[in-house]
Amino acid sequence: MWEQLGSALWRGELTDDVVRPLESEVFQDFEEWHRKIYHVIPGRHAGLLPGEGALRWEVAGQSIGLVTVNTVFRMVSADANAGLAGCSEEQLKTAVGEEFEDWAENNNLTLLLAGRTGSLPDLSGLRSPVLPLAGSGEADGPWSVLPRGTACVHQLLSVDIARDTPIEVTDAGTGHKLALQGPGYPVPGAASAPATAPLPPEESYDEEALLEAFYQQAATGRMVLVLVSGPEADGGPINSDELNQRLAQAAFGAVPHPVPALQETWAAVREELTPHQLQQHLQALRCSPDTFPQAGHQLLLSPWWRIYDFTGSDTFAIALASDPKLAESVSLVNVGQDGPGIKKNVIEVVPMNGMVGNTPEAVDFGYVPMNGTDPRSLWFRQFQAEVLVRPTLFMALSPGSAVLWGTLALTGRLSGAEEFPGFIVTPGGTLADRARLRRAALSHIRQTPFAFSIQRLRSGHQSLIEGKRLLSQSYAGERKGTGVARVTALVGEASKGSRDFLEGRDPAWGDIIDKVAADLSMVEAMEKAARPGSGGRAPIVLLKGSAGSGKTTALMQYAYRLHKMGKNVGWVDRNASLSRRDIEIQALEQKVNAVFVDDVDIFGSQAASMLKNLSNGGQNLVVAAIRTTRAFVLDATFTPNVVSSDTPLNDNDLKNIVKVLKKNGLLGILKQYRLPQQRINMLRQICEQSLLAAMIQVVTGEQFEAKIQSEFQQLDGGQRAAYAVVCLFESALVYKQRGIDEEDLLLIVASPAAPTRRQRDDVSQLLRMGMLVRGLDGRLRCRQRVIADSVVDSVLRANQDQLASVARHLLVFYAARARNIQDNDHPLRRAMIKLLSHTLMRDLKLPVETVRAIYDAAHDSLQDDRHYWLQRGSFELEHGHLRIARNHLETAKGCDGGEQDPLVRTTSSAVHLRSATEAPKKPGLEAAAIDAVHDLHAVTKQRGASAPHSYAILAREGTKWLQACTSTLGAQVFLDMKTLILEVVSEGRRFCRDNHQFMDIAATYEPALKKLQPKGPGIPL
């Protein structure tokens, strides 16, 4: 039983069922203590169970690993058997974040600590020594146990690490040597392990080959620069190691041995020195006023995706100030105020520890909270994500720099396995330095940062020119946004068609060009519907059908046909990031003959008017596709020429599909039928589900839903988490942006911690399996949007905890990114607004308390955002919790712009009307309801056709209120309210005739409202 549960636990599948109760019930006291004393230690990896984790630190050039494991988590009852104590291989793996053997072998010594002894996996085969040390239990087997006694509160160990001799660990108090496990050490009850083989000799240094590899990566425009120290020659600002020595001397009276980490020293000087004293030390980080930062200037002219500057110096600021032209392409980020988001310029310089200024507060070398939501914490996690998936160049003045290795620890590069291309520019150093850099998988260019910057980054090198071109192009695309793409360009850039399309991947233009996609009569139906009408006016054609019925493929085929006829064809899909109006302008400027819009519902209530404007009075053919379930977003009076993609396929369609499957060797279950008509008949039966489902069933032999579920269940915990995030984000529930940047996905999955190599490897595996695909823009997508919907509906909905976790992580990420963005058309804010939406929370069908917890998670980022409180209030209103709704909406009014926000006013009025409806006799509610009617009337007068929701709320809630208070409301007031509401409904029928929601509500409530008569006191005039 435990074998099955244990495997599921270490895969992360029982976090909510096992780990959370352990934290809140069994180890509650420990968790409270831990929260009080916890601070972030760079490079520490958190394990799964309470108290578990791993850290590696450097002492006198040696690497010491520290691993803590929870050996007693199965002993939760008072009568638990002592045999339950122990630690497994899988547990060690989760504690260190990778295979324990691989992690431990990169240490000179690994300390394995536990509160109690217990069973351990065999450690004798490790290639590096391990000391298992417990606070209690039996001192037998591999464990050493701390001495017990009233006087003993700690144990001081002496570690003797010398070259070419086994490591010795001695109890400094007793002189007793502790037993180690590993090479050259005796195994309890077994013969001694053989000595390890010597390290292979150092390879010859080929600088030209290293430089060529560097230039290849620089030419991509994707490379990140990490400046640890430098880049100026002698006489420039001091490096962080020297600063640490000086500050340690000032804080402690002498430099301790070993030298503490800079973060520890910084905490000490903040307490021990006055601001003036500290500022005097920090002045050494300034560039000399009469010196031009030549190397820093050259770095800013080179093609870096981003520069992460850990020096704290003002080198880049001085270089920017000295060359005004650089301001056109380089921006300096204020990490104290501005978190990561859309890049502000071609190259961003991010001073990770601040930049020396006029006060000590301008720099901060302190610890960074692991789960912090402040901008600096967000930048540290962004840095850790980017170096996992982008080629990176590190620069340091010395290969033995403690700050360099602390920075490398942040990146998780110390073991060096399967890393993204990494380079380091630093002097040659010792044999040990170079061996250490090789283990970190860094290509070592043995030059000073100054020499490299001046000699190797000279303007004119072709690779640097190409990198700068691609970088500028990428930034221009982000800044300009995506709107109408020319089909001629899409076709010209298309890769060769692939049979992957027939196995369930979204269609690509290569699939259309190379006829991997079968020709269907759906295209002919669109052509027929697109014939010009009276006066030669081109119509608007709407292809409408269910998910997976082939709409996108047919749309692409028709667009390609027109392109081959010489037409100037535009294409708009969910890659679009421009506003509706900008897309309309772009189409006019491009003088297109036809515009195709896939998934037009992404433009919401503006979709129909956009299609009309794209038509330009019938001068342009407009063809759009929409799911039947989303057609309600189109105006009620919108009358395009509709073509259904759900029309049953005819024999010719089925023949073409069979022909394509046969050509690509994918007949699958149709292979058993010899006669063509038999294959057609069988395919017709299968296609009764949907075209996509049919193709998957034919090719794989599995039912669509069953295959989607089995694929998900076969993933491990990390892969499931990443796949679930992409599927929910791309599903019909959210669906505001096509795909997710890889860095963003890692940050979302890892939240609130920093991303790890293991999580990156999980994403890479999903790409290799074809479950995720990388778009032309580099973003990661589900291979088919219908599959994303199916994962959400058939897998995630069955596990509400997992669904809630995915929704929470997505919201927290986009809330942090969009917190200071006011433009609702900005891609980040658009995504945040959708994730905040109370209708999304309703459609997720999660318990109310769960949704509140999701909203709570975004509070730190959005507490001053009126839209956040609006959506919280709307959710509570929808569930009838009026007191909570009123509180949230009052908070929304207190935010900037909230008092006049029409949506806030409308929803607040709805709460007042609903409250008065439920308690018509309660003092104060009647007056609030009357004010609400007047406020809604004012909103409709101000906003007109832009406020259909306000019209609908007044028609519905106002009528319900009057129905509830016919006997309590004064007769004259009653008639005044009735007259005013009827007037607003009448205006709404004129202004909002295209709005389905309002027209349906008006049809339901207006007749009932007209019949109402007052029964209360008074004689109406």
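**Close-up views of a predicted model**

**View 1. A441 lies in the loop that runs between α14 (431-439) and β15 (443-445).** The model shown here and in the other views is predicted. The phi angle of A441 is near 60°, which is a positive value in a residue other than glycine. Most residues other than glycine have a negative phi. With 27% relative accessibility, A441 counts as partly exposed.

**View 2. N616 also has a positive phi, near 55°, and is not a glycine.** The loop that holds N616 is the one between α22 (607-615) and β20 (621-627). N616 counts as partly exposed because its relative accessibility is 29%.

**View 3. The peptide bond from G230 to P231 is cis.** Its omega is near 5°. P231 is part of the loop between β9 (224-227) and α7 (240-252). Most peptide bonds are trans.

**View 4. A cis peptide bond joins S751 to P752.** Here omega is near 5°. P752 belongs to the loop between α28 (742-750) and α29.

**View 5. Helix α27 (residues 717-730) and helix α29 (residues 757-768) have axes that come within 9 Å.** The two axes cross at roughly 70°. An angle from 65 to 115 degrees counts as roughly perpendicular, so α27 is roughly perpendicular to α29. On the α27 side the contact is made by G718, Q719, A722 and Y723, and on the α29 side by D762, V763, Q765 and L766. By class, this contact has four nonpolar, three polar and one charged residues.

**View 6. E730 is a residue of helix α27.** E730 counts as buried, because its relative accessibility is 0% and buried means under 20%. Leaving aside residues up to four places away in sequence, E730 touches R574, Y735, Q737, R738, G739, R781, C782, R785 and A788.

**View 7. The largest nonpolar core has 108 residues.** The residues with the most contacts inside this core are Y723, L728, L745, Y814, W961 and L962. Helix α31 (residues 800-818) gives the most to the core, with 10 residues. Another core lies apart from it and has 56 residues, among them L300, W304, Y308 and L326.

**View 8. L745 is among the residues with the most contacts inside the largest nonpolar core.** Not counting residues up to four places away in sequence, L745 touches A722, V725, V726, I740, V763, L772 and L780. Two of these, A722 in α27 and V763 in α29, also take part in the contact of those helices.

Methods. Residues are numbered from 1 along each chain as its sequence is written. This is a predicted model: local features need pLDDT of at least 70, side-chain atom pairs count only at pLDDT 80 or more; totals for chains, interfaces and linings use all residues. Side-chain values use heavy atoms; hydrogens and water are left out. Axes are lines fitted to C-alpha atoms, for helices over the stretch in contact, and angles run from 0 to 180 degrees between N-to-C directions. Helices (H or I, at least four residues) and strands (E, at least two) are DSSP runs, numbered from the N terminus. Angles under 35 degrees count as roughly parallel, over 145 as roughly antiparallel, 65 to 115 as roughly perpendicular and the rest as oblique. Contact means heavy atoms within 4.5 Å. Ala, Val, Leu, Ile, Met, Phe, Trp, Tyr, Cys and Pro count as nonpolar, Asp, Glu, Lys and Arg as charged, and the others, Gly among them, as polar. Buried means under 20% relative accessible area, exposed over 50%, partly exposed in between (1.4 Å probe, protein chains only). A nonpolar core is a set of buried Ala, Val, Leu, Ile, Met, Phe, Trp, Tyr and Cys residues joined through side-chain atoms within 4.5 Å.
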